[in-house]
Structure formats: C-alpha cells, structure tokens
Amino acid sequence: GNSGNDATTKRVKGFSEVITDKYPKIEIVASDYANCEISKAMEVTENFLAAYPDLKVIFCANDNMAIGAGQAVAAAGLRDQINICGFDGQPDAAQAIIDGEIDATIAQKPATMGKMVVDAIEKYEAGETVDKEVDTGCDVVTKDNAKTYSFAPQLPQNLVASDHSFPHTGHFFILVFLSCPFLSTNLFSLQ
C-alpha cells in the first residue's frame, strides 16, 4: 500500500503503544502491508502462520484485511486458536463476525463524526471556541452487537455516482501477536 497514510499509521501506532504500555506480556511478532486487499491479507497471514505457529491474535487496520486473515486462519484449521480483529465496522466485517470468521471490528461511526464536524463548524461560525481535538469515539463490534452493523445504509440515488469508483489508497498493516495471556474482546477496546 501507500506508506504514509495518516489514518492507518495512527491506528497501528496507537494499538502498538497500548499493547506495549498496558500488556507487557504480549509480544508483537510481526507487521506487514496487505494493501486493503482480502487476497493479499490471506497471503500475508499464511506466511505468518507458517513462521509463527503459536499465534493468538491478529489485528488488522482495515476490515477487508481482517476478512482475508480470517479466511487464511480458517483454511489452516486454526480458527479456534486465533482471535482476529479488524477496523472500520463495515457491514461485511459484521457479517464475518456473525458467521464466526473474525471476532471483532472497531467501528468509527462516520455519521456521528460528520455531525460533530458540522456542529464544530456552526460553533466556530458563531464565534464560539472549538476544541483543537475531539474524541469522536468508536464501538467495539462483536457477536453481541454485529447485527446492528451488518447492513449497508443506502444512499439516495441522486447522491450515487455510478460512473465513478473510489478505490482505497491507504496502506494497511497486519499485526500478529504471540503468547497472549488472555483472549477477550477487551484486548480490542481502543478508544
């Protein structure tokens, strides 16, 4: 993928910092690009499974990669051994959680983010002070709430540009963990 993508770089950096600071017994053993592609994530995961047979957790900075990692782990017969978490809260990832292919994803709630931006603009235009940084929050999506995220909202037809495509251009990582002393969705609660 394209190195330097600010969003995914910050996701990986934040995740790595929390693991290092709060969970010193967890070892991050590898990281690699998978270009937001299911097939590339499968390939990277297959290589990691061969190199690190005792993996416990795979965190992906994108849901497509989590789905690809889940497919590779399932094909290797290791689904019960390895927890997989993605990032974005996409409907396909929610369905993969429901189907037992991955364990969790982090949902950013873009509609909420958009509303917060509009609110901040209105405050600024009214002469009010606007915070330099705002925590927009996120949700941890698991089997308990995945149905809420398993549908794609439909845009009104006048907003859909059928002759344009918007490919993902970011760089994405897969982080792989060895010797995880606990395996729960709390590991993925980054806010």
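1. A residue is termed buried when its relative accessible area is under 20%, exposed when over 50%, and partly exposed in between. Lys40, at 25% relative accessibility, therefore counts as partly exposed. The structure under review is a predicted model.

2. Overall architecture. The chain contains six helices and six strands. Read from the N terminus, these elements follow the order α-β-α-β-α-β-α-β-α-β-α-β. Of contacts between residues at least 6 apart in sequence, 75% join residues at least 24 apart.

3. Burial and surface. The chain has 191 residues, of which 36% count as buried. Its accessible surface is about 11,100 Å², with 51% belonging to carbon and sulfur atoms.

4. Largest nonpolar core. This core has 26 residues, and the members that touch the most others are Ile58, Ile82, Ile84 and Ile102. At least two core residues come from each of strand S1 (27-33), helix H2 (38-51), strand S2 (55-60), helix H3 (63-75), helix H4 (91-98) and helix H6 (146-149). The greatest contribution is that of H3, with five residues.

5. Surroundings of Ile84. When neighbours within four places in sequence are set aside, the contacts of Ile84 include Ile58, Ala66, Ala69, Gly70 and Val73. Arg79 and Asp103 are also among the contacts of Ile84, and these two residues form a salt bridge with each other.

6. Salt bridge Arg79–Asp103. The structure holds five salt bridges. In the one between Arg79 and Asp103, the closest N and O atoms are 3.0 Å apart. Arg79 lies in the loop between H3 and S3, and Asp103 in the loop between H4 and strand S4 (104-107), so the pair ties together parts 24 residues apart in sequence. Arg79 is buried, with a relative accessible area of 16%, whereas Asp103, at 22%, counts as partly exposed.

7. Salt bridge Arg11–Asp88. The side chains of Arg11 and Asp88 meet in a salt bridge at 2.9 Å, N to O. Arg11 belongs to helix H1 and Asp88 to strand S3 (residues 83-88), and the two are 77 residues apart. Both partners are buried: Arg11 at 14% relative accessibility and Asp88 at 17%. Apart from residues up to four places away in sequence, Arg11 touches Ala61, Phe87, Asp88 and Gln108.

8. Salt bridge Lys40–Glu43. Here the closest N and O atoms are 3.5 Å apart. Both residues lie in helix H2, three residues apart, about one turn of the helix. Like Lys40, Glu43 is partly exposed, with a relative accessible area of 39%.

Note on methods:
Residues are numbered from 1 along each chain as its sequence is written. This is a predicted model: local features need pLDDT of at least 70, side-chain atom pairs count only at pLDDT 80 or more; totals for chains, interfaces and linings use all residues. Side-chain values use heavy atoms; hydrogens and water are left out. A nonpolar core is a set of buried Ala, Val, Leu, Ile, Met, Phe, Trp, Tyr and Cys residues joined through side-chain atoms within 4.5 Å. Buried means under 20% relative accessible area, exposed over 50%, partly exposed in between (1.4 Å probe, protein chains only). Helices (H or I, at least four residues) and strands (E, at least two) are DSSP runs, numbered from the N terminus. Contact means heavy atoms within 4.5 Å. Accessible areas come from the Shrake-Rupley method with a 1.4 Å probe; for residues, only the protein chains shown count as cover. A salt bridge is a side-chain nitrogen of Lys or Arg within 4 Å of a carboxyl oxygen of Asp or Glu.
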